[in-house]
Amino acid sequence: MTRGMRWIIGGVAVLFALTQNTNAQSFSVSYTNGTVFPCNGSTTVLGPYSPGSNVTVALPACARRVNIYATSNSVSIGRITLADGPLDGNLDVVLGTGTLATTDFPPSSAGGSWAGLSTSLLDGTPIVRFGGAISGNLT
Amino acid sequence: MSQISRFDVGGAVQAQIRADNSINFGGIFVVECGSVSSAGSIVLENNSILRVLATGFGVNGPIAALTGNIGVIETQNGGPLLADVNADMGSINQILVDGEIGSTSTSPLIRAMDGINTIDAAAIYATITSNAGGVGGVRRVRTTSGPFVGALNAYRIESATATDGLRITGNLDANVTIADNVLRPIVITGELKSGRTLSIAGQMITATTPSTTGSLDIGTLRGTVRFTRTTQGVRGPVTIDSIASTGRLESSSPLESGTNGSITVDGNMAGLVQVSGSVAGAITIGGELDGRVTTTGSLTGALTIDSYMDGLIKVGDNLSGTIDINQSQGLRGQIIINADNMSTPGTWTGPVIVGSITLDNGASGDYTAPYYNALPSVLGGGSVGLAPFRIHEAACSPPPNTFGRLVTTLYSSFDDGQVGAIVRHYGPIENTGIIVGMRMDTNCNWYEALSSIFDPVLHPGGDLRAIGITCNAGMAIKEGIWRIVPDDLACSEVVNNPAVVWQTTDGCAPPNATPAYVFEVGPDCNLNDVNDHLDIDIAADSPLIDDLDTSPMNDIIDTCDGICACDWEHDGDIDVPDIFAFLTSWFAVDPSADFDASGTVAVPDIFAFLSCWFASASNSLCNP
């Protein structure tokens, strides 16, 4: 086998692997509503989104928690913009799964790098509480 | 967002993490990351940051708690802190940096209003303020292996654990301003760099109750340490390995006894130690004193120098304590007492010990203070002067009022610009205001020679305590009695530079007696630098037998009988310069210009001189 052939075969193998990996890697955003009537405590999952995608989520007024999470710690999570949402109360934003930890306890990583969070919530903005972890950079 | 509880970033924080946290929900604000890059930052608008931890490449972006406190900022694995840290409305508990804070090219600001507990780093290049608009102190600012470059402003160095304080393992190249007390040690193992000032406005206290251990320990002092409090500023030990020529240690308060205050320089001291007020405590210099120690009050305590003293010690008022130079002939510099020139003059009642010699007012012989007779050479070349300074009679050359046939000051002593007469004082002098005169008769009439004849020489031979006279080129001092009167001769290194006080007079009866230095110039007609009377009486036999004055026996060396009087320069040559020299004397109405001995200096004297000059060719004395 010539040296050139080895390069071609190797490249194809890498490309295949990357393709398979990309297909498997993504991130999602979910929001969970409150449980006080008229809210019903349901959870809505949005996505999956391809790595690095910027996502805008229009939250319902019942939303009380948002989770941002990826399929693996190597997935880049794009910039998340939260819009609308509740008029008052707390809105917990968790980079990861589960609920917001309010103690000094290491959270589980939600993904690789993250392009950050912005909000354009309704007037009467609730208190947005944030916590979580990523394994990569905050960009 | 409103609030952050805990945010872990495995990599770098390359963006801003910001929360307003307007209503603290009881959570925490913790950011743990690999690093905070220069593009990143962490800002909390309200309440406090609990912890920022960078486990990798340090903190390169700013961290601020705009209204609250900052708990801990920590870097690990050698990570630096290269950006500002602000708690402008609160305090900073700990900044623990495994690497360096700042760098030689980056100097971040670390600022709090209500104090900073601890800053630890390998080295610090930063401006640190713990009392920005407030009264916050610091408990510990420490480098473990490098310098502190920049500045530190703090209200206090607070009393805390024994390992706290300002502790720099290296050089302090920073201005440090402590607005109040220092209750823990300041230790600088290297230098306090030149041009830098460590200023303490409160007290540096070492006491058992409360358990405070304020002290100052510096390797080499090249900058300035300034205690600005006017009472009991130094209440703990100051220990310095050495003070360079640029180094200054200034206390605006007295160094009091019984307050634990002391100043110790283990090695040489080439700079300045200045105490405003009295020194009742101890100042000890383990090496040489090449610099200055000054007080504006009395020295009632002890100033000890273990080696040579080449510098200057100024005691503003009384010396009732002890100055001890533990080196034989170790006083090579100057000690001044009453240097503040007090309206009630300071006195010298305490001992000045130089090796085995003690100068004090109870000593006997040559060592009785303040106007001792011991020559400077006995002490090492230096002197102790009680201001305003008198003449040190024994040290003058010749001693004042030394008369007689065998005086050794001859007119040849002034040849070739030599300083023929030197008046020495107990302390340094300045200005050159003196009047030189020759006694005309025994009725206290003096001819005051003009400046065209004599030049004063300030500090002849580098002696700062002396003034002498030389004859101008072509002029010659004449045999006879002379006096020097101080006219504008002042004490230097003394407040307001008072005039010197000459205790010797010109011998005139009161009230005409004038403070003066009087000396006699003897004859040396054969220009052999030996008084003619010694030449005449070579055998020094008694009764005197004139050996060289036999014919005629007229008290003049025979070879000088009919001496060539027109050799006006006394240089053995009869030449044109003698004419000009004579005319200079004549125009100055110098008594010696009375060439025809008429009693007045007049025109016939010129003709008489010229007759001698023109006849010199036939005069064997003038033309040997």
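This is a predicted model: local features need pLDDT of at least 70, side-chain atom pairs count only at pLDDT 80 or more; totals for chains, interfaces and linings use all residues.
Local features were considered at a pLDDT of at least 70 and side-chain atom pairs at pLDDT 80 or more, whereas totals for chains, interfaces and linings use all residues. Residues are numbered from 1 along each chain, chains are lettered from A in the order in which they are written, and side-chain values use heavy atoms, without hydrogens and water.

The model has an ipTM of 0.83 and a pTM of 0.84.

Contact (heavy atoms within 4.5 Å) involves 25 residues of chain A and 22 residues of chain B. The two chains bury about 1,800 Å² between them, 57% of it on carbon and sulfur atoms; buried area is the accessible area (1.4 Å probe) lost on putting two parts together, summed over both. On the chain B side, the most area is lost by Met1(B), Arg6(B) and Phe7(B), together 30% of what that side buries. Strand β1 (residues 3-13) of chain B supplies the largest share of this side, eleven residues; strands are DSSP runs (E, at least two residues), numbered from the N terminus.

By side-chain class, the chain B side comprises twelve nonpolar, seven polar and three charged residues, with Gly counted as polar and Asp, Glu, Lys and Arg as charged.

Strand β8 (residues 127-134) of chain A runs parallel to β1(B), joined by five bridges; pairing requires at least two DSSP bridges between two strands. Within β1(B), Phe7(B) is the bridge partner of Gly132(A).

How values were computed: Helices (H or I, at least four residues) and strands (E, at least two) are DSSP runs, numbered from the N terminus.
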